[in-house]
Amino acid sequence: MKKLTMIIILSFLGIGIFSIKYFTTLLDSKDSAIIVNKPYSFKDHYQDKQKLVKAVDNIFIGEVIRENGNEKYTGKPNTQFLVRITQNIKGSLLGDITINQEGGYYKKNGYLYLLTYEKSPLLKKNQMYLFAVTNTKKGYFEMMPKYGSTLLDNEDEKLKQIDDIKKALEEM
């Protein structure tokens, strides 16, 4: 009787672990994800700073505090990040806001994938970025791939990006 009970318990435990591994990301290392990069259909040529400045509602320097959530939109993963605003360049946002980045981790057939657009990596915790975002009615701000965030490695890069945006604002 004890053997049968032990076999049943171990069977359920094995099925549970298999299910968690196959259907969720709980036991997966994000470093082992298969990267899927897709092109993004832009409405304009946003490498031109003037066009970017006109297209977005807010531009600011911010630090990523943490990943804040995930959701699917039109069947594709989106990842939200809590960002602390440190300096406004266009607009007047204050405090911490949530930014949505298209792309993120998802499971399919037991494998972990990372969806990115235009080879834009997911935002990283404790990193400073120049953000260009648009307001939404969903409670977060939308960031476009490739042009919506620029990693700021040092103070010189930060000052250069601020100057470029301010020049584009003046030329509008």
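In the predicted model, strand β3 (residues 76–90) is paired with β4 through seven bridges, and the two strands run antiparallel. Within this pairing, Val-83 has Ile-97 of β4 as its bridge partner. The two strands form a hairpin with five residues between them. In the turn of this hairpin, Gly-91 adopts a positive phi of about 95°.

Strand β4 is also joined to strand β8 (residues 141–143), here by three bridges and in a parallel arrangement. One of the residue pairs concerned consists of Asn-100 and its bridge partner in β8, Glu-142. Strand β4 is mostly covered, with five of its seven residues buried.

Glu-102 belongs to strand β4, which comprises residues 96–102. The relative accessibility of Glu-102 is 22%, and this residue is therefore classed as partly exposed, given that the buried class requires a value under 20%. Beyond residues up to four places away in sequence, Glu-102 touches Tyr-40, Pro-77, Asn-78, Tyr-117, Glu-142 and Pro-145.

The side chain of Glu-102 additionally makes a polar contact of 3.0 Å with the side chain of Tyr-40.

Key: Residues are numbered from 1 along each chain as its sequence is written. This is a predicted model: local features need pLDDT of at least 70, side-chain atom pairs count only at pLDDT 80 or more; totals for chains, interfaces and linings use all residues. Side-chain values use heavy atoms; hydrogens and water are left out. Helices (H or I, at least four residues) and strands (E, at least two) are DSSP runs, numbered from the N terminus. Buried means under 20% relative accessible area, exposed over 50%, partly exposed in between (1.4 Å probe, protein chains only). Contact means heavy atoms within 4.5 Å. A polar contact is a pair of N or O atoms within 3.5 Å; within protein, one must be able to donate a hydrogen and the other to accept it, and residues adjacent in sequence count only if both atoms are side-chain atoms. Two strands pair if DSSP finds at least two bridges between them.
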